[in-house]
Amino acid sequence: MDYSQPNWVEEVIKATGGKKANVVCDSVAKDTFLGSLECAAPFGTVALFGAASGPAPEIQPEILNKKGCLFLTRPSVFPHNATHTLLQENVKAVFGAIAKGRVN
């Protein structure tokens, strides 16, 4: 979808047969975040993991309720690898998944 078009949210929902997503992953942020919230199904999760267009706009927490009791997360690699032990565990998990063919 071309998120620079004003109707991109409607196009996403149309492409899914009218269903909103249980998980929405947004790496663009400023230009897409509010639309990403619109694409999430009730009780869905929006994972904002990047900011290609700039920081996401600030929102009031109540908007998550009004959009269907959404969950919002802003993951980052740094807390997941904050210690040497965590980094080693994560490296083992990633390379283990590759070795088992779960990731290619």
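These exercises walk through a predicted model of one chain, each with a worked solution. Residues are numbered from 1 along the chain as its sequence is written, and side-chain values use heavy atoms, leaving out hydrogens and water. Local features need pLDDT of at least 70 and side-chain atom pairs count only at pLDDT 80 or more, while totals for chains, interfaces and linings use all residues.

**Exercise 1. Elements and overall form**

Task: Find how many helices and strands the chain has, and work out why it counts as more spread out than a compact globule.

Solution: 
- Step 1. Start by counting: there are five helices and three strands. Both are DSSP runs numbered from the N terminus, where helices are H or I with at least four residues and strands are E with at least two.
- Step 2. Now read from the N terminus, and the order is α-β-α-β-α-β-α-α.
- Step 3. The radius of gyration is 16 Å, well over the 13 Å from the globule rule for 104 residues, so the chain is more spread out than a compact globule. This radius is taken over C-alpha atoms, and the rule is 2.2 Å times the number of residues to the power 0.38.
- Step 4. To picture the extent, note that the C-alpha trace spans about 45 × 30 × 25 Å along its principal axes.

**Exercise 2. The sheet**

Task: Work out in which order the three strands stand in the sheet, and which strands are at its edges.

Solution: 
- Step 1. The sheet is open, its order is S1-S2-S3, and its pairing is parallel. Two strands pair if DSSP finds at least two bridges between them.
- Step 2. S1 and S3 (71-73) are the edge strands; each has a single partner strand, so one side of each lacks a neighbour in the sheet.
- Step 3. Look closely at S1 (residues 21-26) and S2 (residues 40-48), which are joined by five bridges. In one of these pairings, Asp-26 has Leu-48 in S2 as its bridge partner.
- Step 4. Follow the chain from S1 through helix H2 (residues 33-39) to S2: this β-α-β crossover is right-handed. That term applies if, with the strands pointing away from the viewer, the path from the first strand over the helix to the second runs clockwise.
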